There are 2 protein chains.
Amino acid sequence: MTEKPLILVTNDDGINAPGIRTLIEVLNTIGEVVVVAPDSPQSGMGHAITINSTLYVRQISTKNESQLEYSCSGTPADCVKLGIREILKRKPDLCVSGINHGSNASINVIYSGTMSAAIEAGIEGIPAIGFSLLDYNWKANFEACKPFVKTITENALKNGIPNDVVLNVNIPNVSKENIKGIKICRQAKANWVEAFDKRKNPQGRDYYWLSGEFINLDSGEDTDEWALENNYVSVVPTQFDLTAHKHIETLNNWNL
Amino acid sequence: MTEKPLILVTNDDGINAPGIRTLIEVLNTIGEVVVVAPDSPQSGMGHAITINSTLYVRQISTKNESQLEYSCSGTPADCVKLGIREILKRKPDLCVSGINHGSNASINVIYSGTMSAAIEAGIEGIPAIGFSLLDYNWKANFEACKPFVKTITENALKNGIPNDVVLNVNIPNVSKENIKGIKICRQAKANWVEAFDKRKNPQGRDYYWLSGEFINLDSGEDTDEWALENNYVSVVPTQFDLTAHKHIETLNNWNL
């Protein structure tokens with residue numbers, strides 16, 4: 001009898017989000033699931049960690065379900081650190097984050113709490129995947145995600161994810177029948193052009209809301225944005241060695 | 001007469017930190033400086049941005065100094081976005097972040113608010129540099145940093161930083177005479193092994209403080225950690241395309 005794989009599950013939309021509920025449902029068919037997720041939404045937290053404040057953890061009652069669940073007052077990266085060091089009995093075989101409500105394709109990976117959790121696990125030597133659906137709504141329909149979560153997770157467990165790489169998976173917001181398949185992609189070059197909404201508070205002081213428009217600057221057909229626009233699930237192998245290796249030589253020609 | 005370069009200055013330790021004061025002093029000798037920095041310390045914020053809350057900006061009186069200064073209630077990445085879109089009259093020629101109180105070498109780049117500000121500028125197409133001194137103390141001595149900030153900034157303005165690359169500069173905590181020079185490096189492979197400090201609050205509930213030990217897993221002499229241990233200033237060309245390009249082929253062999 002082989003032991004079931006131990007899977008640490010987290011997200012950035014909070015432990016009660018429909019996206020993580022779908023993820024737990026699928027992963028319960030694959031392994032032993034332990035959830036350590038933020039007790040409130042943490043979108044846009046990037047790779048923030050809690051240094052100057054305390055962290056609380058609470059075990060959640062789950063009744064007729066097989067997973068153990070813990071909510072944590074910290075960021076997604078905190079959840080992974082706490083899960084590994086304080087909650088899990090052994091090193092997990094896999095960490096899965098999501099399913100995020102909204103895209104983490106292209107440059108969004110930089111701002112993403114979902115992906116920061118997966119990257120944190122990767123840094124700790126644990127194979128990791130982040131899943132996102134291209135629908136920001138709380139009541140998004142995650143039904144079409146299920147077979148892709150299952151296939152990609154099973155492949156990751158069977159083949160192993162390369163060292164120092166985590167998978168950034170994004171799923172187009174269309175029905176299951178309209179998804180054409182899975183494409184391995186590179187991160188599209190894109191950015192957000194901010195348009196701050198300037199208002200006055202009741203005391204007459206100016207304040208701002210951050211908003212903006214997503215601009216894809218990359219017409220490559222090998223990118224995640226292209227795949228998603230064409231109704232493919234995108235998978236980007238994502239690394240946390242940020243060195244631009246090819247430019248080490250460029251800088252060696254500076255007069256330093 | 002050529003116009004002086006416009007330099008956007010920010011940090012993550014807050015606008016009153018000694019590190020940013022040193023940075024402003026040096027950059028005032030090079031260009032026209034505008035400071036947009038957090039109104040309070042933001043260490044460990046990674047690439048967090050403020051989505052669900054408002055942002056306040058306040059112009060600071062600077063008396064006999066030439067720079068304009070604005071404090072902002074947001075994260076380092078928010079400061080850069082607000083600086084570019086709402087405060088500066090034109091696109092800056094350079095964005096400089098720091099000088100951070102503490103190392104941002106190796107894996108620390110991922111958690112760093114200082115570097116997230118530089119990376120945010122890079123994403124927006126602005127040449128950018130993050131400086132850090134390997135001393136976490138508020139009263140750190142930044143004297144030895146000055147000539148290196150000046151040389152590296154002048155070189156960046158003269159040579160141009162390659163597109164989609166920002167510079168991560170770390171400075172050893174030794175006197176000027178003991179710094180051997182500047183080395184262009186790759187990011188060392190390293191991680192933090194957390195040791196959560198579990199305590200009870202006055203109501204008897206458990207809580208945690210995150211702490212940990214930094215472990216360098218990389219003995220390469222071309223890394224930032226090696227350079228710093230050997231009293232060199234390290235410069236890592238850092239990118240925000242996180243694609244592990246060489247593993248696209250690996251994943252194409254999965255059964256997806």
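**Notebook: interface and sheet**

Of the area that chain B buries against chain A, Tyr208(B), Leu242(B) and Trp254(B) supply 10%, more than any other three residues.

I noted that this is a predicted model, in which local features need pLDDT of at least 70 and side-chain atom pairs count only at pLDDT 80 or more, while totals for chains, interfaces and linings use all residues. Residues are numbered from 1 along each chain as its sequence is written, chains are lettered from A in the order in which they are written, and side-chain values use heavy atoms, with hydrogens and water left out.

I then looked for salt bridges (a side-chain nitrogen of Lys or Arg within 4 Å of a carboxyl oxygen of Asp or Glu), and the count between chain B and chain A is 6. Arg85(B) forms one with Glu194(A), where the closest N and O atoms are 3.3 Å apart.

Turning to the sheet, I found 9 strands (DSSP runs of E, at least two residues) in an open sheet of chain A, ordered β3-β4-β2-β1-β5-β6-β7-β13-β8 with mixed pairing; strands pair if DSSP finds at least two bridges between them. β3 (57-60) and β8 (181-184) of chain A stand at the edges with a single partner strand each, so one side of each is left without a neighbour in the sheet.

Terms used. Helix = DSSP H or I, 4+ residues; strand = E, 2+ residues; numbered from the N terminus. Buried area = accessible area lost by both parts, 1.4 Å probe.
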